[in-house]
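Please look over the model below before reading the notes. The points follow confidence, fold and charged pairs.

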Amino acid sequence: MRTGMRQGPEIWIRGPVAVLEAAPPGPAHPRAAARRFSWVGLHGGAGVSTLAAVYGGHDGGRAWPGPADPRSVLLVARTHAAGLDAVVPAVEVFRRGEAPRGLGLEAVVLVADAPGRLPRPLAQRVRLIGSVIDAYRVPWVSEWRLGDLSGRPPRETEPLARLTGATR
């Protein structure tokens with residue numbers, strides 16, 4: 001150790017330590033592996049199956065993830081009044097520690113219930129939700145309504161695609 005330099009604290013590690021092998025040759029910045037999530041709908045027709053098919057992850061329907069499912073949860077609701085009504089109570093379940101043990105709430109995904117802009121009262125509620133938790137918006141996608149999930153996700157959902165690691 002050179003004089004004048006301070007040494008940091010020692011770090012103790014419990015348990016076995018894996019030996020790191022040399023990285024295989026490849027690109028300087030390999031693409032990160034897609035992170036897995038469990039999509040959980042807050043009401044029927046929220047869009048969980050479509051989102052899981054487009055962005056990857058576990059389609060949980062309206063049920064909590066099981067032990068073998070990803071523990072990071074994305075709650076899904078439509079942007080109509082009933083869908084938005086379901087969001088805050090579900091977020092509170094996590095805040096109060098009442099969600100099943102080991103689950104972590106990552107964000108809320110709000111899926112457009114119709115094409116076009118939200119009416120002002122609904123837009124205000126979306127802003128309120130976004131002030132409490134990370135909220136990702138998914139616009140109306142006509143092709144998805146027809147069952148065509150083959151195209152790229154909408155440009156407006158790039159932050160959600162980055163979160164989930166979904167690239168096409």
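The numbered points below comment on this predicted model.

1. Basis. The model is predicted: local features need pLDDT of at least 70, side-chain atom pairs count only at pLDDT 80 or more, and totals for chains, interfaces and linings use all residues. Residues are numbered from 1 along each chain as its sequence is written, and side-chain values use heavy atoms, without hydrogens and water.

2. Confidence. Mean pLDDT (the predictor's confidence in each residue, from 0 to 100) is 84 for the protein chain, with 78% of residues at 70 or more. Residues 5–32 fall below 50. Beyond near neighbours in sequence, that stretch has 2 contacts in the model (contact: heavy atoms within 4.5 Å). Where pLDDT is low, the predicted coordinates should not be read in detail.

3. Layout. The chain has 5 helices and 5 strands, taken as DSSP runs (helices H or I, at least four residues; strands E, at least two; numbered from the N terminus). Their order along the sequence is β-α-β-β-α-β-α-β-α-α. Of contacts between residues at least 6 apart in sequence, 68% join residues at least 24 apart.

4. Strand β1. Residues 38–41 form β1. Ser 38 and Val 40 point one way, Trp 39 and Gly 41 the other, and all are buried (under 20% relative accessible area; exposed is over 50%, partly exposed in between; 1.4 Å probe, protein chains only). β1 runs parallel to β2 (residues 58–59), joined by 2 bridges, and Ser 38 stands opposite His 58. β1 also runs parallel to β3 (residues 72–78), through 4 bridges; here Val 40 faces Leu 75. Strands pair if DSSP finds at least two bridges between them.

5. Helix α1. Val 48, Leu 51, Ala 52, Val 54 and Tyr 55 are buried in α1. Just after the helix, Gly 56 has a positive phi of about 85°.

6. Salt bridges. The whole structure holds 4 (side-chain nitrogen of Lys or Arg within 4 Å of a carboxyl oxygen of Asp or Glu). One joins Arg 125 and Asp 85 at 2.0 Å, N to O. This pair links α3 (residues 120–132) to α2 (residues 81–95), 40 residues apart. Arg 125 is partly exposed at 27%, as is Asp 85 at 48%.

7. A charged network. Which residues are linked in a network of salt bridges? They are Glu 92, Arg 95, Arg 96 and Glu 98. Arg 95 and Glu 92 come within 2.7 Å; they lie 3 residues apart in α2, so about one helical turn separates them. Arg 95 is exposed at 60%, while Glu 92 is partly exposed at 21%. Arg 96 meets Glu 98 at 3.0 Å.
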